[in-house]
Amino acid sequence: MTKQKSLFKMLCLLSFLLLLLSGCWDQKEVEKMAYVVAIGLDQDEEDENRVKITYLISNPEVGSLAQGGGAAGEEPPREIISFTADDFITSRNLANTVVAKEITYDLLRILVVSEDFAKNKKFLRWLYDATKEREIRRDIKILVTKEQTSSFMIDNQPLLETRPHEYFEMLFNRGKKAGMVPSSDLLTFFRITEADADLFAAAYGTAQQNDNSSGKNKDPEQAIAGELQYGGETNTVQYAGSALFKEGIMIDTLTIEETRLMFLLHPTENPVAILTNLPDPFNEEYQIATRIRPNGQVKFDMNLKKETPSIDVTVPVIIEVLTNHSGTNFAKDSEKRIKLKESFEDRITKKFEELIKKTQDEYGTEPFGWSLVARKEFLRISDWESFDWMKTYPDIEINVSTEVRLGNFGRQGEMLNIKDVRD
Amino acid sequence: MLKKLLKKVYSKKPNVPEKSSTEDILRKEIQLDGNLEQTLGFFKEIYSYPDNQDFVIRNIHINGMSKKAALIYIWTITDVTLIDQHILTPLIRNNSTSSKIEDIVSIQSVDTKNVIKDILPEINKGSAALIIEGDPQAYLFSVTNFEGRGVEKSENETVVKGPKEAFTEKSSTNISLIRKKIKNENLVVESLTITERSKNDLFIIYEKDLANEKLVENVRERVNSLQVDAIQNLSLLEQHIEERKFSIFPTVLYTERPDRAASFIEDGYIVLIMDNSPACLVLPATFWSFYHSSEDHYLRFHYGNFTRLLRIIALFITLFTSAIYVGVVTYHAEMIPPDLLLAIAATRERVPFPAAIEVIIMELAFELIREAGLRVPSPIGPTIGIVGALILGQAAVQANIVSPIVVIVVALGGLSSFAVGDISMNFSIRLTRFLFLLVASLFGIYGMAALFTFGIFYLVSLKSFGVPYLAPLTPKYVSSGDTIFRRVLQYEMYRPGYVKPKDIKKK
Amino acid sequence: MEQSKGKIGIKEFIALTILMTGTKLADDTPAIIYEELQNAGWIAPLIVGALSIIPIALLIRVVTSYQDKGLIQVIDHLFGRFIGFLIIFILWGISFFALIIDTAIYTDIIGTMYYSRTPTIAIYALLMAVCAYGGKKGFEQIGSISWAVLPYIKVSVLIALVLSFFQGQTSYLFPILGPGEWEVIKESSLKLSIFGDFIFIFILVPFIKSTKDFNRGVWISLCIIVAEVTLAMMIYVVMFDYQSVMMLNYPYHELIRTVQLGFLTNMETFFFPFWLIASFVRFTVYMYIAAMLFGRLFKIKEFEYAIPALATLVVFVGSIPESPTQSIFEIRARLIDVSTPIYIILPLLIWIVAKFKGDLKHDKAKESI
């Protein structure tokens, strides 16, 4: 009785093994996949309803020292193909006319969109395909490029980070910490678009150096990607500033400075530390290098139920002075310190006010995520929706103030008075 | 259909001509009648004297009684000096006429039997039988001396801290090793003859005032109901008395450490001992008794639990690493951190097999090396290990048959499998690992979760002599709480409730 | 031997109840609630939990006053053969129907979120095979396994929730009342039967070691379930904001796809097996209850033997609907609406009849609730 049972089991096991060998269903062998790290989306030139898709495919053999990998040195680290398709889901099959391996989005890190396409009304439809596809995650990044994404990808040749996924990951991490670009997750994009209240800020980059501005000695803070002049032997691609999306359509770009201010005003997305120059109040000639860090939460006092709603915003920051070219000794002089503080406060508040005014006048709503704070003032969704943040925002009276707390004055507090030396 | 066919094949009894042995059986029923010559004739026939080399009949004349007598024994299993000094010499030198045999012979235990059938087993056990002319009974002197190893270090369950002695093949030694640890009049050593032909003895050891009577009765019944010709040792007995013969998990604990046996007895368990087995069986056994080792308690609290932690990790690594590798690489590639994924993809680029087959090849190779290492004569052993592990792995990688990551995965799993010391549990885990590997290659993580749930259902439904296999984890019982981790000794206050001991609280 | 009476203790019982109902936080139940309640979805479990106290208290009052009788026997006793049969038939219908659509949903989750190319029938068959095997093993084993796996499952859920809490923003919870307080109360009470499993738990009374254990177990598990479902629903909103969460089919699975921990960016395969084990156990219990009711209906003493057949039936019926994500979602939402009145009326009816028959009086001295 029992023996036949075991024979039976053996038969089952055999059929099991057959199944195993046949390799079926969801089984995928990792080495038979083409790992797309970035997808580029452009408007197709001829057909309005089609998109031009660019794939950046990573070559796994590059950068691997393991045995059995074979001749990694001879192969390029990446492969780029561009073609026209209906969407980036069906394009996976189309790509197989060129690429031998099966396309997978498992390693997809970044979605690159050209500025032209982002300004197109139909852009949102294609982007929402991402929610349907199983392999696309909600935490991938969005990057807006000035030029066509296909040429951007080709021009983008990082010298030291040859593996493309590593390059993008590190770039975004660093950019966010330095406050140069926003974090721009797909998740946040969807959320903000669906909530229909704020602006979404996406990272902005380009591979084209803008020659027009090269003549002028432009303040780097006022620049966006493509306007900064880099020399030397490096990648031509720049990431700086941000692209603003209103209701899923790109409307404008922000400069580096504006991006940073936006971070400081944001209740949750705080940069770690911003290195920047502020004018020296004691000598107009010089600039003081400072490190600005947020000092706790941005404080809001919202009064939205009034006829003209008002918002009081207080931004607490810590400013550390890193250079002191004028040689003024404020480290030991409390009066000078107060003056310095006031000048910082004025300067930053002015900048804030300019930006807020710009958002109120030009955009009609803000990229600071304030609507989330405003929501707390309402009890019911219906009240909130009838308040209509996007409509009300331009009329809100906004008062910004900055609370500066001076931090360290560098490693060495006192400064050599250069004038004295020259004497 | 198929089932019926199979049934037919297996239910057939082989047709081998058997020779009748009724004559032999009848002869054994004969009672002694005082006729020395005739009786000796029977014995000579039964033992095929003089063909049988170690069967001895020593004819003597007892002076005092002035009777002829004969001493019968098997010299290879008796203590010859004992016979010489304490039986033969007193008998021959004895002059008083009236004294009884018991008074003449200075041997420690004397028994009398008068049916040949009853005498034979005693002789087979190493007793000497004295038959006297005109006396219708035989005197049986216990002079057993089986040869065996001395008490040695335990080899399979080694400890660093704690007693090193192990059971030997001699049951009397083994019992004395246990008695050495439990000096209590309640320790009962029951003896049973369990087989029909070889007359193998089994000793059931338990503490009378601890062990549950029903459990002891259950064991007795199960052992008595065996209808087998011969069970040479405990390893075979284990397979005769376990409940589910096809279960992949062991349900009877086999240990070679007397200290472990003694501590089980002190918790109300039952221990079985047989000649020819350098070990004992402990029952009932739960999953935890296979997972634990005696050193866990000899080491201090933290150290002991640290080894426990390592062991449970090793157990899971053994079970899951290769399966997870296959499942993840073929079904859930997205969960691997990108650098690792690309590295795996790069190394697999030139490997001709699918990941599942690759891992199975490597696993089989590892098991082969392991089995070979166990069987080869010991001088060659290390060489096999080095050749197998290093050269084979390295060469296989260079020849692009397997990828280096698979070598790591398999070696890690193989290494960890040694952490589970019990040989039976070790096998069950190694076999289960292959099951996991199979389902992982069919269904990925889903399959593994299914098999895991299935396995837990199976474990939970297993019982060893009525005790749930995962007790006291679930179902809950009063116990010392010694499952995955152990407690501080002072807090291990209770004997395990699932064996239903008579005295639940330890003092 | 004498140890196995097939009864389970309070720990096993609580574990089983939690797995049975608490696992709902990880399927499409949240989606059903969010549909009406938007960001106030997390209040629903609180209200449902509070309202559930009434039917549960009534049932406890009635069922525990009979020694060693489960809901089935009590219904038989109170309503007689014919009406009793009818009521049990309805209960069986609901439980079996729930089993079918829930397993279909879970199969769909596995299919759409993880195994998009594997045929549904294969996933379904494996799911039901494990459940049928577990169901056949008997109730004591189901209890044991629940207790054995519960800690690991809950820890994994907790890790997922805590991680996402830190990645989300609490301000998404505002405006706190969502669609308005009356809407919240009304819609939640209509969704009362998301905790309807508690009725079926009363069938299991004869398997619990003592009625006192049962009594305490029910309340403790109700509290834990309410707490955990509320927490989970809150965190879905915190993670995704209400607009997005309303669009998600399976929030828990989107959540575990989105959370990250250090260098592990894609962690769903870490949480997935625990969810699977929880689902296996959950459906094993469902299966067992459905089989028990089935056995009572058709006078099958050894109802465990009916389990494989029932499981097969479930697979075939469950794989009928087209595009299951949407169609079953609707059926399920409707089932919740339909079974809500039963969840309220049945206990009330039982209590009234018991009162009328005078069965509650003489127990009053003994039982104090």
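A nonpolar core is a set of buried Ala, Val, Leu, Ile, Met, Phe, Trp, Tyr and Cys residues joined through C-beta atoms within 7 Å. I keep this definition at hand for the entries below, and I note that the model is predicted.

**Entry 1: nonpolar cores.** I looked up the largest nonpolar core, which has 336 residues. The members that touch the most other members are V36(A), V271(B), L272(B), L281(B), V359(B) and M287(C). I then recorded that α4(C) gives the largest share of this core, 21 residues. A second, separate core has 24 residues, among them F43(B), L91(B), I123(B) and L130(B).

**Entry 2: L272(B).** I set aside the neighbours of L272(B) within four places in sequence and listed its remaining contacts. They are L202(B), F203(B), I204(B), L234(B), L237(B), C280(B) and L281(B).

**Entry 3: chain C against chain B.** I found that 32 residues of chain C and 27 residues of chain B make up the contact. On the side of chain C that touches chain B, at least two residues come from each of α1 (10-22), α4 (71-114), α5 (120-137), α6 (139-167) and α12 (268-297).

**Entry 4: α6(C) and α12(C).** I examined how this pair of helices packs. The angle between α6(C) and α12(C) is about 145°, and their axes are 9 Å apart. I recorded their crossing as left-handed. Residues of α6(C) in the contact include F139(C), I142(C), V149(C) and Y152(C), while those of α12(C) include F271(C), F274(C), V281(C) and Y288(C).

Conventions:
Residues are numbered from 1 along each chain as its sequence is written. Chains are lettered from A and ligands numbered from 1 in the order in which they are written. This is a predicted model: local features need pLDDT of at least 70, side-chain atom pairs count only at pLDDT 80 or more; totals for chains, interfaces and linings use all residues. Two residues are in contact if their C-beta atoms, placed from the backbone, lie within 7 Å. Helices (H or I, at least four residues) and strands (E, at least two) are DSSP runs, numbered from the N terminus. Axes are lines fitted to C-alpha atoms, for helices over the stretch in contact, and angles run from 0 to 180 degrees between N-to-C directions. A crossing is left-handed if the near helix is turned anticlockwise from the far one by less than a right angle, and right-handed if clockwise. A residue is buried if 20 or more other C-beta atoms lie within 10 Å of its own, exposed if 12 or fewer, and partly exposed in between; C-beta atoms are placed from the backbone.
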